[in-house]
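Reader: Could you walk me through how to read domains and contact surfaces here?

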Amino acid sequence: MTTVLECLNGALDAAMESDPSIYLLGEDILDPYGGAFKVTRGLSEKFPDRVLTTPISEAAIVGIASGMAMRGLRPVVEIMFGDFITLCADQLVNHTSKFRWMYNDQVRVPIVVRSPMGGRRGYGPTHSQSLEKMFMGVPGLKVVAPNTLGDPAKLLTAAIADNDPVLFIEHKMLYNRSLQTPGVGDLIDFQLGGSGGYYPCQVLRSGANPQATIACYGYNFELVRAAAIELLIEHEIFTEIIIFSQLSPFNLEFLFQSLLKTRNLLTVEEGTSSMGWGAEIIARVAENMVGIKAKRIAALDLPIATSKNLEENILPSSKDIVNAAISLVT
Amino acid sequence: MRYNVTVMDKNISLYKTMLLIRRFEERVLSEFSAGKLVGTTHVYIGQEADAAGIFSVIGSEDLIFSNHRGHGHFLAYGGDPYRLAAELMGKATGLVGGRGGSQHIQWRNFYSNGIQGGITPVATGMALAEKIHKSGKIALAFIGDGTLGEGALYESLNIAALWKLPILFVLEDNHYAQTTPVEKGVSGSMSARFEAFGIRVWERDTTDVLEIQFATSESIHSVHSLIEPAGLILHTHRFSAHSKGDDLRSSEELARIRQFDPLLIHGARLSTPESIKIESEVSAIINDAFKRAEADPYPELKQETQ
């Protein structure tokens, strides 16, 4: 089975093969090391002039990529750990994402900033976070995340082809996961719907009359899928899972359609709960619909501990999702 | 120096550029006082020789990344005073349709942004792109003494030196970061900051446009011939406030630095009739620019494309 890591690596390889204007920049991305999570493995050997290993200078890497992008190239940046994205905040917020609009659409900045986020590996407070919510709502910046149901390769290919900046969030726990196929294996009881497009929003339903809608993205689809199976088999609760690949700005059309049927909404994310992605979704639902019950599942508002026991308690679990769904529908 | 016709033409051209900047900026300040301009601005009065000298020798296709105090750079680049005036007034005909204002402009290969230090990696990336394209173009990034406090600058110097990128870092030291004197903001040596990265640096304490022109030529020649970064440190004087009402300097200090007025220094090389003729030409350009800009419409907010 193809893993997410193989998809992403293959997409970079294919993109560089077909477009000589694509450059990779990042820390420790040269072979034989191939990057901290091996997403760039093999590429510096194949494209030695176009894979640029950098000093530990996250702000400069993103700024340099933006400058390259405004002068006809298509750089893809790797920020080794998502936690370090704070070091690029000025570049992303005040430069990369602003140039196009601020300069009256006279320039475009086609860069992709890829970064592994997320915990569950015991890396502790500064190497485990999901900080993408800090960059959601920044005008001019798309935030995108792959999952195992969509095709991560297509998603990354679309991000590279995008003429505007994309922050591409890869949860570390996804890299070794295999892609899922609806109707077989784990998903034997599920049907797939939703949108196509560059950054699809997918809908996975476990029955004709779903009772709860669960919104999620990235790795949390793994937890939600396990929870949905348990809800179906153990509790006979049918769910509809809405899996976003474009997190910001977002289109909630499929979510609204689902809520017309279920009237119950659960949002699931790994970032801290307060002021999060789920909070924004629930606010939009409240503005557009009447009588929807909603709950958020997210990390506790704490730094992420190194100790496995503490980390598991701080981050959301499948059990949390099951319990929240039961409390919503009963 | 033995003057011939060509040299005199160049002298007139340099003087005209400096006077255009001076009169433009004076007009900006008076328009603010009259309430015709809103927001904020940072004028270049006193530093005109830097822009005039630098832009007289760089290539027309080179890439410029300017900063919050960028009007002088833009005008010396050859930018249209009318489009700049319209931008300052927030008009649809402004350089970026009124979206950016004074410190966020873009025209041809000229870019500016109001974030100290943040522009330096972007300019470095532009230099990298041009090196990859083998275009022969170089990048110029304009920084000030205040920028020396920003970490992104040192990340950029390091990478520009490591990757041998064709970029000239122009450091205009006007002795003040807003109201903070350089003594309270910058430790150690300015030139050693560049030299520590192995970057060759030219340093001049002058407001004589001809000296600045010469130092720029040398530093740019180094960037082109060695294909590597260089630094150009120009110690200068800002006669006006940082922006509009934030000047804490004494009248004695302001009087003292006025002796370094680049227009007086270079004006001495011109005849009186020449100076008068230039003054009148510049005056007509400025009047026309502001008059046309004032009559222009304001922009409408357009629905964004995604």
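Author: Gladly. Domain bounds come from an automatic or database domain assignment. For chain A, that assignment gives domain 1 (4-174) and domain 2 (185-329). This is a predicted model, where local features need pLDDT of at least 70 and side-chain atom pairs count only at pLDDT 80 or more, while totals for chains, interfaces and linings use all residues. Residues are numbered from 1 along each chain as its sequence is written, and chains are lettered from A and ligands numbered from 1 in the order in which they are written.

Reader: How many residues does each domain of chain A bring to the contact?

Author: Two residues are in contact if their C-beta atoms, placed from the backbone, lie within 7 Å. Here domain 1 of chain A contributes 29 residues and domain 2 of chain A contributes 26 residues.

Reader: Which elements of chain A each supply at least two residues of the domain 1 side that touches domain 2?

Author: Helices (H or I, at least four residues) and strands (E, at least two) are DSSP runs, numbered from the N terminus. On that side they are strand 5 (142-144), helix 6 (152-161) and strand 6 (166-171) of chain A. Strand 5 of chain A gives the largest share, three residues.

Reader: And what about the two chains: how many residues of chain B are in contact with chain A?

Author: There, 25 residues of chain B are in contact with 25 residues of chain A. Helix 5 (119-133) and helix 6 (151-162) of chain B are the elements giving two or more residues to the chain B side. The largest share of that side, eleven residues, comes from helix 5 of chain B.
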